Amino acid sequence: MGSGTSAQHHFAFQNAEKAFKAAALIQRWYRRYVARLEMRRRCTWSIFQSMEYAGQQDHVKLHDFFSYLMDHFTPSSHNERDFLSRMFTEERFPQDSEAERCCDYESIEVPDSYAGPRLSFPLLPDHATALVEAFRLKQQLHARYVLNLLYETKKHLVQLPNINRVSTCYSEEITVCGDLHGQLDDLIFIFYKNGLPSPERVYVFNGDFVDRGKDSVEILMVLFAFMLVYPKEFHLNRGNHEDHMVNLRYGFTKEVMNKYKIHGKKILRTLQDVFRWLPLATLVDEKVLILHGGVSDTTDLELLDKLDRHKVVSTMRCKARKEGEKQAEEKEQATQTSAAERPIPWFLPQKQSRSLPASPLRRGDQARRAGRSCSIPCGGAPGRSADPELGRRQQAGLGAPSACGAPGAAEPTQEEWRQVTDILWSDPMAQEGCKANTVRGEGCYFGPDVTEQLLQKYNLRLLIRSHECKPEGYEFCHSRRVLTIFSASNYYAVGSNRGAYVKLGPALTPHIVQYQANKATYTLTMRQRISRVEESALRALREKLFAHSSELLGEFKKYDAGKTGSIALSDWAAAVESVLRLGLPWRMLRPQLVNSSADNTLEYGSWLEDLAKAQLSRENIQSSLLEKLYRNRSNLETIFRIIDSDHS
């Protein structure tokens, strides 16, 4: 009896041992599987981000090209000078007569056949809610109502301070949303999940409402409508894409003109002025600072709170120039036409460095410097600068529905422009210090020490920013003192990232809410989702490779000393990086981009031919010409939009 029981125990022990070994084997296999998926996801993410930042660098290079061009070009006639001025002025539309400006939207008739949403002012909560529902049903708001809404928005914005103050004492919690980039589904999902704006439900939208997505106009209309309905509970910050020069490249200008072919020019002109009046930041309970990009080691919240933000029309360039140049131009213009009829071209060469100038600041400089030496918190009076010109500008804003900024308005100083550029374009980094953001071409990278210095100086607890797409929709860094929040889910491709928003209660403890606005993502497994996103990224990367075929061919030949037509795969990776300079792990990407061979070599001529076949190369066009056009298609489209100032 005892012998039988012992045998049973031994058998059970053997089974348990096998089960444990099997479980350990399955666990090891699963961990490796998840690790491989994570490696693929990170690699895909690197492709998307590298491609995005490369596009931003191209945009800056295009601007620098025009600056250089105009620095070395002398118009041969007054007509030529006038043409160039009209092409590249920062107000790219001719000034309307006073009578037309005063009734810009009133002169537009709404036909009886119009079945879309209608607005009447002052707006009521039902109007804003109906607008959301109409856009959800793909209805379009008539141009008259668009211009009327923009006019009322401008009237409200000019009365706001540069840094809005919000308190949790008057609401249960404050919801902060990041970039939306024209993705209306994300905005509707946020309102569905978190609730519509109300006196008890305060919202702060942290810039980059437009570009890239197809519904930027609708997002602006909804945000502006709720801001007018709840002016104390609904707040907007300016982002780096609330900039007419950026809109030329990234789709918003094209979207407006496609949707409003007749009145698109008026809408764009008015939007240009509305964007420059958007507040720069929001402060919650004097403890949480919300701004779009980041900070630098020279960020001065006191100066940002006092400067005239409407003077910074675009962060792509600073208009401040040497007094001698300015006086010479004014003298020349006085003999031809008044300054009011000749806006300053945006492409004028910048003789000054982007670093802070040694010359004194403009009005109130001594008072501002004295303020910087004291440990004065940002919680001072939220009033605007006591500048007489600003008072006149505000009155003009209240009286003109589409004023585009008086050509005679004062220009920002180099320091003011730099302050605004830094908070709209900067990104955090893990290393200490502060350095130029060469990846984006604007702003800076700021380290944990810069964050800590700013938070201590102004007695703050947390910095909330947006500006960067994150896989989970949010990311903490700098010892959880900086929170990045990004609200456009599926930004690069369906399944590429989640969206998120953050809720702040009286304790100011951030509560993150993540979501996916696209229902299709819920039906996909992790592997299916990553495979779809990976294929989208690789397709974009192959297009990039094709666009640089000639340069790649030249680089490959450098590694092919024997002129065999083949190179080692390791040399292929080095050559591709030297041409594209995307900083990607090409050795990891090689299996997806190059067919493997037995001797680990690549016939680069055949590989380049295969790339061409996969692209739009079936047209009867010379391959070299097609390649150059394809590589520069974004720059060409931007140039055409600049030249076509009347969108004819």
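How many residues does helix 7 have, and what span should they cover at 1.5 Å a residue?

## Helix 7

Helix 7 (residues 216-229) has 14 residues, which should span 20 Å at 1.5 Å a residue. Its end C-alpha atoms are 20 Å apart, in agreement with that value. The expected span of a helix is 1.5 Å times one less than its number of residues. Helices (H or I, at least four residues) and strands (E, at least two) are DSSP runs, numbered from the N terminus.

Helix 7 is largely enclosed by the rest of the structure, because 13 of its 14 residues are buried. Buried means under 20% relative accessible area, exposed means over 50%, and partly exposed lies in between (1.4 Å probe, protein chains only).

## About the model

This is a predicted model: local features need pLDDT of at least 70, side-chain atom pairs count only at pLDDT 80 or more, and totals for chains, interfaces and linings use all residues. Residues are numbered from 1 along each chain as its sequence is written, and side-chain values use heavy atoms, with hydrogens and water left out.

## Helix 10

Helix 10 (residues 264-276) has 13 residues. From its first C-alpha to its last it reaches 19 Å, close to the 18 Å expected at 1.5 Å a residue. Twelve of the 13 residues are buried, so helix 10 is largely enclosed by the rest of the structure.

Asp273 is found in helix 10. Its relative accessible area is 1%, so Asp273 counts as buried. His310 lies 37 residues away from Asp273 along the chain, and their C-alpha atoms are separated by 7.9 Å.

## Salt bridges

A salt bridge is a side-chain nitrogen of Lys or Arg within 4 Å of a carboxyl oxygen of Asp or Glu. That rule gives a count of 26 salt bridges. One of them pairs Glu416 with Lys311, with the closest N and O atoms 3.6 Å apart. This pair links distant parts of the chain, 105 residues apart. Glu416 is in helix 15 (residues 414-425), and Lys311 is in the loop between helix 11 (301-306) and helix 12 (323-334). Both Glu416 and Lys311 are buried.

Glu468 and Lys470 also meet in a salt bridge, at 3.8 Å from N to O. Both Glu468 and Lys470 are buried. They belong to a network of salt bridges that also links Asp427, Arg440, Arg465 and Glu475. Elsewhere, Arg542 forms a salt bridge with Glu535, and the closest N and O atoms are 3.6 Å apart. Glu535 has a relative accessible area of 37%, so it is partly exposed.

## A positive surface patch

Arg28, Arg32, Arg36 and Arg527 form a positive surface patch. Patches are made of residues with over 30% relative accessible area and no salt bridge; like charges are joined within 9 Å, and nonpolar side chains (Val, Leu, Ile, Met, Phe, Trp, Tyr) within 5 Å. Lys and Arg count as positive and Asp and Glu as negative, while His and the chain ends are not counted. The place of a charge is NZ of Lys, CZ of Arg, CG of Asp or CD of Glu. Accessible areas come from the Shrake-Rupley method with a 1.4 Å probe.

Helix 1 (residues 2-71) supplies the largest share of the patch, three residues. Arg36 lies in helix 1. Its relative accessibility is 44%, so Arg36 counts as partly exposed.

## Backbone exceptions

Most residues other than glycine have a negative phi, and most peptide bonds are trans. A cis peptide bond joins Phe121 and Pro122, with omega about 0 degrees. Pro122 is in the loop between helix 3 (98-102) and helix 4 (125-136).

Lys138 is not a glycine, yet it has a positive phi of about 70 degrees. Lys138 lies in the loop between helix 4 and helix 5 (143-157). With a relative accessible area of 60%, Lys138 is exposed. His478 is not a glycine either, and its phi is positive at about 55 degrees. His478 sits in the loop between strand 11 (474-477) and strand 12 (482-485). At 10% relative accessibility, His478 is buried.
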